[in-house]
Amino acid sequence: MNQKLSIDEYDALEQLSKLPRNTKPNACISRNAKRLCGIKFMTYRKDGTLELTDAGRQTLFIKQCIDGLRAIANDPDTTLPGPVATFLGKKAHVAVDAETGKMSITQRGIECLADIDAQMVQGNK
């Protein structure tokens, strides 16, 4: 994720991912379409409607994984979407307690969040 996106731009990607085909985009999507098309996270179809590109889907998934990791770190009772939970489990960022069935963040997950936070602080300088 080399591109720095605003909260509004992430929201536009999320909304577009859930928008039924051939449906007019809302104001949030329309407002952010020019920039997100420019960095190739969304594109116009031949019929003029918008769709996410593979890069847009990947960026959205990475954000969902980071948000999910933060959520588990703050509250082990949090339920993650299936693909996010599977990915974080395979990467050993979270572990499932056999007795309770709840997820907990692993040391590797803690280090990953610390690295992300450090990069964010560096990027703001």
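Trainee: What share of the contacts in the chain with a separation of 6 or more comes from residues 24 or more positions apart?

Mentor: These pairs account for 42% of those contacts, where contact means heavy atoms within 4.5 Å. Keep in mind that this is a predicted model, where local features need pLDDT of at least 70 and side-chain atom pairs count only at pLDDT 80 or more, while totals for chains, interfaces and linings use all residues. Residues are numbered from 1 along each chain as its sequence is written, and side-chain values use heavy atoms, leaving out hydrogens and water.

Trainee: How many helices and strands are there in the chain?

Mentor: The chain has five helices and four strands. Both are DSSP runs numbered from the N terminus: helices are H or I with at least four residues, strands are E with at least two. From the N terminus on, the order is α-α-β-β-α-α-β-β-α. The C-alpha trace spans about 50 × 35 × 20 Å along its principal axes.

Trainee: Let me try a residue. Why is Thr 49 called buried?

Mentor: Buried means under 20% relative accessible area, exposed means over 50%, and partly exposed lies in between (1.4 Å probe, protein chains only). Thr 49 has 16%, so Thr 49 is buried. Thr 49 sits in the loop between strand E1 (42-44) and strand E2 (50-52). Not counting residues up to four places away in sequence, Thr 49 touches Asn 22, Thr 43 and Tyr 44.

Trainee: What makes the pair Thr 49 and Asp 47 a polar contact?

Mentor: A polar contact is a pair of N or O atoms within 3.5 Å; within protein, one must be able to donate a hydrogen and the other to accept it, and residues adjacent in sequence count only if both atoms are side-chain atoms. The side chains of Thr 49 and Asp 47 make such a contact at 2.7 Å.

Trainee: Arg 45 lies in that loop between E1 and E2 as well. How do you know whether Arg 45 is buried or exposed?

Mentor: Its relative accessibility is 18%, so Arg 45 counts as buried. Its side chain makes a polar contact of 3.4 Å with the side chain of Glu 51. Beyond four places in sequence, Arg 45 touches Arg 21, Leu 50 and Glu 51.

Trainee: And what makes Thr 106 buried?

Mentor: Thr 106 has 19% relative accessibility, so it counts as buried. You will find Thr 106 in the loop between strand E4 (103-105) and helix H5 (107-123). Leaving aside neighbours within four places in sequence, Thr 106 is in contact with Ala 92, His 93, Val 94 and Ala 95. In the chain, buried residues make up 32% of the 125 residues.

Trainee: Why is Arg 35 called partly exposed?

Mentor: Its relative accessible area is 34%, so Arg 35 is partly exposed. Arg 35 lies in helix H2 (residues 27-38). Its side chain joins that of Glu 9 in a polar contact of 2.9 Å, and a polar atom of that Arg 35 side chain lies 2.7 Å from the backbone oxygen of Lys 4.

Trainee: Now the helices. At what angle do helix H1 (residues 7-18) and helix H3 (residues 54-74) pack?

Mentor: They pack at about 110 degrees, with their axes 10 Å apart. That makes H1 roughly perpendicular to H3, because 65 to 115 degrees counts as roughly perpendicular, under 35 as roughly parallel, over 145 as roughly antiparallel and the rest as oblique. Axes are lines fitted to C-alpha atoms, for helices over the stretch in contact, and angles run from 0 to 180 degrees between N-to-C directions.

Trainee: How is H3 placed against helix H4 (residues 82-90)?

Mentor: Their axes come within 10 Å and cross at roughly 75 degrees. That makes H3 roughly perpendicular to H4. Phe 61, Gln 64, Cys 65, Gly 68 and Leu 69 in H3 meet Pro 83, Val 84, Phe 87 and Leu 88 in H4.

Trainee: How many residues of each class are in the contact of H3 with H4?

Mentor: There are seven nonpolar, two polar and no charged residues. Here Ala, Val, Leu, Ile, Met, Phe, Trp, Tyr, Cys and Pro count as nonpolar, Asp, Glu, Lys and Arg as charged, and the others, Gly among them, as polar.
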